[in-house]
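Here are my notebook entries from a first look around. Come along and check each spot with me.

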Amino acid sequence: MLKKTTFAAALLAATVLSGAASAKTFVYCSEGSPEGFDPGLYTAGTTFDAAAHTVYNRLLEFKKGTTETEPGLAESYTVSDDGLEYTFKLRPGVKYQTTEFFTPTRDFNADDVVFSFDRQLKADNPWNKYVTGASWEYAAGMGFPEVIKSVEKVDDLTVKITLTRKEAPFLANVAMPFASIVSKEYADKLQADGKMNQMNQMPLGTGPFAFVAYQQDAIIRYKANPDYWGGKQKIDDLVFAITPDASVRYQKLKAGECHLMPFPNAADVAAMKADTNLKVVEQEGLNVAYLAYNTTQAPFDKPEVRKALNQAINKQAIVDAVFQGAATPATNPIPPTMWSYNKAVEDDKYDPEASKKGLEAAGVKDLKMKVWAMPVSRPYMLNARRAAELIQSDFAKVGVTVEIVSYEWAEYLDKSKAKDRDGAVMLGWTGDNGDPDNFLDTLLGCDAVGGNNRAQWCNKEFDDLVTKAKETSDIAERTKLYEQAQVVFKKDAPWATIDHSLSIVPMRKGVEGFVQSPLGDFAFDGVDITE
Amino acid sequence: MSQAAATSAVSTDPSRRARLAEFWYYFSENRGAVIGLVFFIFLVLLAIFAPLIAPHDPTQQYRDAVLVPPVWQEGGRADFLLGTDAVGRDMLSRLVYGTQFSLFVGVIVTALSLVVGVVFGVIAGYFRGWVDTAIMRVMDIILAFPSLLLALVLVAILGPGLVNAMIAISLVYQPHFVRLARAAVMSEKTRDYVVAAKVAGAGHTRLMFKTILPNCMAPLIVQATLSFSSAILDAAALGFLGMGAQPPTPEWGTMLAEAREFIQSKWWVVTLPGVAILITVLAINLMGDGLRDALDPKLKRS
Amino acid sequence: MLRFLLGRLAVLIPTFIGVSIIAFSFIRLLPGDPVALLSGERVMSPERHAEISAELGFDRPIVIQYLDYLWGVVRGDFGTSIVTKKPVVDQFFELFPATVELSLCAIVFAIVLGVPAGIVAAIKRGSFADQAMMGTALVGFSMPIFWWGLLLIMLVSGMLGWTPVSGRISLMFYFPPVTGFMLIDSLLSGQAGAFKSAVSHLILPTIVLGTIPLAVIARQTRSAMLEVLSEDYVRTARAKGLSTFRVVGVHALRNAMIPVVTTVGLQVGVMLAGAILTETIFSWPGIGKWMVDSVSRRDYAVIQGGLLMIAAVIMLVNLAVDLMYGLINPRIRH
């Protein structure tokens, strides 16, 4: 009897082991827990990595490694002459994932697209408030409720979206994670069972990986979707091991407990590059960190003063101390990886002497000012405190006394919007969709004063250029307009542009096929392991 | 602090002098306690004379000397004995100034929780009845939360910072003092000397704080030394969680939190603040053990 | 006994109501706006902000909000997390086993090492072993555990590679949670090596969380033991020529255990406080880390629900310790 059990156990062990050997499991040490699994409800990249890029697809997708769009669930699209009607031809024969919790009976069709948009846009849709506090924040942030007039099904494989105004960045927006397409059939079943909450806990889509299980704050498991329209993935299982501490992530990567990790400590990068078991790829991120003066308050209402202060900041020192070099000093308000980046614009050179003279010439003496530093670490500025301290000592050298102020994060975001705010605010931005409009108009347009425009800077010349670019669909034409806008920006200097941080991704040597996204996404379709 | 209280009493009462001598006899018998005391005095001197001792300004950034290792390691520099941190500030100077903050936290938290706790405890124990019930229920409520969690939420309400951290920590330490003071007062209240004083016409306040309290000090002093060391640990823990002293304050817990990213690469920025916390707390606890042995007759011979 | 229990419950209920008021009002005092945090750097329009606030019920009078909340609590509804949109109770029970497992391991670790160390130190009072052990215990008692954890990760996991860095079990193993306790679940799963893996993941967090209780228990056992050893009946037993082992094992130990049990009970609150730091360092998916994260995310529902449930657990454990104390020591039975 005893012998028999041992044998059975051995047999079991053998099958488990052989099973493990043939199944390829890719482990990603992610930086945090997803807030939920319905991408429409959230705005955080961590959530999109876990939900949107694994389980779901969108009508259009960003081509890997670029900010250009390519066909996704829509095979093609046409735009009407007035630029208001977008007609999408849907991909036929796309299957939804079959999982333990749901078996689809039909393929993807136009009903799913209409449903996916309507639930976010129409208050009377039963799914509009299916969880407490559902707010569809990103759709609102990208202006969808105002821009989209209607989403209609033409036939099973054709959808027409009508806009209220010309909006060149619309196509890029459709490729964003929040616009993921969900299954109406699955939603209907959940609604009938009275389990609508499950939509946010057990996602089901058309994407490359099917959701298996989530253990709160610990592990998310997916398996490759065998019916994926783009073909089955080379890896069989995908695991997110949630590891919030960067040094712990590094340890796990070194120990082979995971294959790839995001956001390493800047201080560890050199050692990672030296490790023969690892490889490191890096790319400039689609972001900018800036110090926004309040251009409505004296003496910061004078461009000369702002210019002079900009010359006092040693950006290289900030990049070195905060990022250990893993960032580049910023010249323009948009990052160099973005189309229309104007290389001809020259940065204000670090020159304390010139700065001092400039301030004197402008009649500014014994200036005391506040510099706001964020209380949290952001991808574009890992340690705002440290950066503010550096700026403080830089400004001291040109006779400007700085007081560093900080608030709790939500308060910080809110108070910094005030038009009569006292002091210069450090903040930044990570691009949503790779469109320059998403930086230039969103952060510096006249409409954004009192909101995202923390410099409270309304410059007619600049505003006209970006508004015109938004309504133009020809890329070459838009590029020219944005290039001009950057010249105007630099001349008037509402910000001290600080840095664009690099996105550094360390991984095991055996990882192949991972393509870094300029949008900062971590997507694992097409990845393989040879280790 | 207990020393000072005892010394001031010496001149007035000859019997106290004998008790002090006895106290010192037992205290000095404990070798660990003496070592702790010596080290503690050293820390106090360090804190007071920090501006003279520290080779650099603790917030001065040497841009040419970022993350320099300690002097005995390759690449170390003689002007930065224990190396520098991520923005080129001298570690030794920051550690020396850090003593000021840690001792300050210990003193303030202990004083605050001792004074407030004793007042409430004595009142509760003296009056009993509904006053007692009300006070003790509030203490029960405080004790129902894990102290660090309660302190964390309190600091989140008050706003992160060293002063608010101290307020939060003293609040969560209250119940221990209240309970001790209450129990001591209740057991002393029926003693002859108290009854005598009452008959002689002493008022409530006098009875509570002049007659009874001085005779209940021993357990409170022991608790106070314990609070002193825990306050330093808890303030550092809050600093570590980003809710205590804010940078660039050279508080040890905050320094540790800021240095966390260097754990794999630059050992000195991570290790040294922790060592500083450990030995400071250890010295105070050694002293506390000696105090307890000397003050608590029951344990005197153990 | 029953009267004693009822008396304790009569105190517990008003305390619990007090706790709920504190937990509820604290949250309203927190600066920062959870609604605004939902959108981060992206600005939300004032109308939208008002709409979402209304939906979450933040616009109603505070007393109504409280009564509503209390009524929910009575029915077992602690609200819904603003961030994850999941019921707070579900999240609590999903994470709580991890904290309990870690705390139990830590307390067992502390008892298994601390009690014998305390006994040996007491018997060999003044010897080198006594001094060494008590010196070590004092160092442990003075340890900033957040630093201790970092140090152990750096040395044991990083340089020596003996233990895994974080997590509860190797990712190779996958089985649905049955009890939520990884040690039990890994055995139930029947997968070879799963249990071993779960154990190896527990080692460092257990040591870190158990360090302070270990020191406290060792010191407490030693002084309780010393006290008992000096009592007449033990001296008599010794004089009668009973072996040290018998005297200690049979007579002294049982009496010395009373203060030790109390100490262990008192350590539960300390444990939960320590769990906040330990879980943060080891990325341990328990309630300590959950609370810290929720404070920084201003997740009202989670902070108030979590505070309330944690307080309830502590109060129940204290009650259990009181009852146990009454059983061991008949003299205080009321």
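I looked up A:F263 and found it partly exposed, because its relative accessibility is 40%, between the 20% limit for buried and the 50% limit for exposed. This is a predicted model, and I kept that in mind throughout. A:F263 sits in the loop between helix 9 (246–254) and helix 10 (269–274) of chain A. I noted its phi too: about 45 degrees, a positive value although A:F263 is not a glycine. Most residues other than glycine have a negative phi.

Next I turned to A:Q456. Its phi is near 55 degrees, again positive in a residue other than glycine. Is A:Q456 buried or exposed? I found it buried, because its relative accessibility is 4% and the limit for buried is under 20%. I located A:Q456 in the loop between helix 16 (437–444) and helix 17 (460–471) of chain A.

Then I checked a peptide bond. The one from A:A298 to A:P299 is cis, with omega near -5 degrees. Most peptide bonds are trans. I placed A:P299 in the loop between strand 12 (287–292) and helix 11 (303–312) of chain A.

My last stop was chain B. Which residues form a nonpolar patch on the surface there? I listed B:I41, B:L45, B:I48, B:F49, B:L52 and B:I53, with about 590 Å² of accessible area together. Helix 3 (31–48) and helix 4 (50–53) each supply at least two of the patch residues, and helix 3 gives the most, with three. I picked out B:I41, which lies in helix 3 of chain B. B:I41 is partly exposed, because its relative accessible area is 43%.

Terms used: Residues numbered from 1 in each chain as written. Chains lettered and ligands numbered in written order. Predicted model: local features only at pLDDT ≥ 70, side-chain atom pairs only at ≥ 80, totals over all residues. Heavy atoms only, no water. Patch = residues over 30% accessible without salt bridge, like charges linked within 9 Å, V, L, I, M, F, W, Y side chains within 5 Å. Areas by Shrake-Rupley, 256 points an atom, 1.4 Å probe, with all protein chains shown as cover. Salt bridge = Lys/Arg side-chain N within 4 Å of Asp/Glu carboxyl O. Helix = DSSP H or I, 4+ residues; strand = E, 2+ residues; numbered from the N terminus. Buried < 20%, exposed > 50% of the residue type's maximum accessible area, 1.4 Å probe, protein only.
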